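Please look over the sequence and the structure before reading on.

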Amino acid sequence: MSDTIAAVATGGSVSAIGIVRVSGPLSVSLMDALFRPADGKAMSQHRDRQLVYGTLLDGNGRTLDLCLCTLSRAPRSYTGEDTAELQCHGSPVVLRAALEALFALGARQAEAGEFTKRAFLNGRMDLTQAEAVVDIIDAETPLAARNAASQLGGAISRRTEEIYRHLTHICSHYHAVLDYPDEDIPPFTLAEYAAVLDAAAADLRALLATFSRGQFLEKGVRTAILGRPNAGKSSLLNALLGYERAIVTDIPGTTRDTLSERCLLGGVALRLTDTAGVRETADAVESLGVERAVAAAEDAQLVIAVFDLSRGWDAEDDAVLALAERCAVRIAAANKSDCAPRWDAARLSAHFDSVCIVSAREKTGLDALGAAVAAAFPMPEADSGEILTNARQADAVRRALEYLCGARGAMAAGFAPDAVLTECEGAMDALGALSGRSVREDVTQEIFSRFCVGK
């Protein structure tokens with residue numbers, strides 16, 4: 001990492017402010033060459049983290065912009081290296097010209113995630129904190145953003161670091177007694193550490209239990225909207241989204257394919273899929289749509305089944321009911337409550353977790369539908385940041401837990417201490433992979449490939 005990198009950190013579209021980031025040994029000298037502070041002093045003469053107003057020049061000394069510049073010198077910077085930031089007006093032309101001037105003087109284009117990767121490699125953050133940078137950028141709900149912010153502050157690291165420290169103490173005590181038998185070291189007995197291993201295993205088990213909800217937090221709940229033709233599925237989709245996304249007509253079979261969108265309902269991120277009306281049909285195209293509706297229901301983590309209160313119950317509703325029951329979590333939306341009901345929605349209660357009376361056309365009953373979704377997918381408290389949201393983290397915790405259970409089992413079976421310690425060391429390796437202590441280079445590369453350029 002002896003080279004200097006630069007990138008636009010605010011994307012390529014026109015915006016009020018555009019930020020160019022620089023990191024590496026040339027950062028300060030590049031600012032001296034291209035930025036003229038209004039106070040007449042060289043940029044290198046200003047203190048760290050001070051916003052300085054001045055003129056940004058191109059490689060030929062011509063004015064590019066009037067902007068702000070700040071320096072952060074190693075090691076007290078985001079990357080742990082000398083860094084600089086130019087806060088310009090958000091013209092893509094100006095930002096590109098600034099980059100070209102930096103490249104001409106020895107910087108190179110930063111790769112995706114390279115700023116955060118350097119922060120990780122320089123010990124400014126561990127791997128769980130680095131992953132939280134992407135999570136906070138991609139967060140779709142306030143809960144997800146709070147969880148990512150807490151992880152960025154080291155919430156998971158602090159929790160697992162204590163377990164790692166306990167295991168290190170156990171292993172070092174054993175090896176000290178083994179290697180220095182003549183020293184005045186307290187004798188090593190496995191029994192005294194049984195409670196420590198039990199507590200560590202319980203802590204990891206509780207952490208791992210957050211992963212399923214963490215997946216909903218990060219990716220959203222796969223949700224299929226089912227119903228007979230003209231039950232109001234597309235109208236409900238539009239009402240939930242707040243705009244006319246799906247075509248709505250009085251002609252049965254208008255929706256012939258699945259239509260997917262994301263929305264926030266009851267504080268839960270949903271990956272909504274509107275589907276074709278479920279019915280027997282001779283139309284080949286509509287039949288394919290029905291097949292896709294069935295597939296969406298079978299893949300869904302939540303089904304919202306829409307029933308038309310204004311029409312009599314018939315075999316098509318029975319087919320929707322049977323299809324909905326293939327999903328573990330089911331909510332019924334008894335629609336068209338603004339019309340005279342032809343049947344009692346209470347008949348749905350035995351088949352669904354919740355029954356909501358709604359009018360997609362009048363946009364009534366949506367709050368009740370949101371409350372039903374929130375009750376079906378309660379999110380753990382995110383302020384602590386201790387919700388696992390990606391498979392890599394969950395796998396590392398799962399492996400650490402398996403090793404701890406193996407250590408406890410070896411202890412209960414009366415195995416020799418070295419057998420127990422082997423399991424403890426395996427748990428330490430797994431926790432090291434979680435934080436990045438012992439992570440492989442290919443894994444690191446895969447993680448940072450998720451980032452955008454400039455982060």
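Which side chain of opposite charge is nearest to Arg330, and how many Å away is it?

## Basis of the model

This is a predicted model, in which local features need pLDDT of at least 70 and side-chain atom pairs count only at pLDDT 80 or more, while totals for chains, interfaces and linings use all residues. Residues are numbered from 1 along each chain as its sequence is written, and side-chain values use heavy atoms, with hydrogens and water left out.

## Arg330

The nearest side chain of opposite charge is that of Glu325, 5.2 Å away. Arg and Lys count as positive, Asp and Glu as negative, and His and the chain ends are not counted.

Arg330 belongs to strand β12, residues 330-335. Its side chain reaches the backbone oxygen of His351 at 2.8 Å. Neighbours within four places in sequence aside, Arg330 is in contact (heavy atoms within 4.5 Å) with residues including Val303, Ala324, Phe352 and Asp353.

## The chain overall

The chain holds 15 helices and 13 strands. These are DSSP runs numbered from the N terminus: helices are H or I with at least four residues, strands E with at least two. Of the 455 residues, 49% count as buried. Among contacts with a separation of 6 or more, 67% join residues 24 or more positions apart.

## A seven-stranded sheet

Seven strands form an open sheet of mixed pairing, in the order β3-β4-β5-β6-β2-β1-β7. At its edges are β3 (35-37) and β7 (108-109), each of which pairs on one side only. Two strands pair if DSSP finds at least two bridges between them.

Strand β6 (residues 83-90) pairs in the antiparallel sense with β5 (residues 63-72) over five bridges. In this pairing, Leu71 stands opposite Ala84, and Ser72 has Thr83 as its bridge partner. Strand β6 also pairs with β2 in the antiparallel sense, over eight bridges; here Ser23 stands opposite Thr83.

## Helices across the sheet

Helix α2 (residues 92-104) lies across several strands, including β1 (5-8), β2 (15-23) and β4 (52-57), and runs at about 15° to β2. Helix α3 (residues 114-121) lies across β1, β2 and β7, at about 135° to β1. Axes are lines fitted to C-alpha atoms, for helices over the stretch in contact, and angles run from 0 to 180 degrees between N-to-C directions.

Key:
Buried < 20%, exposed > 50% of the residue type's maximum accessible area, 1.4 Å probe, protein only. Salt bridge = Lys/Arg side-chain N within 4 Å of Asp/Glu carboxyl O. Polar contact = N/O pair within 3.5 Å; in protein donor to acceptor, adjacent residues only side chain to side chain.
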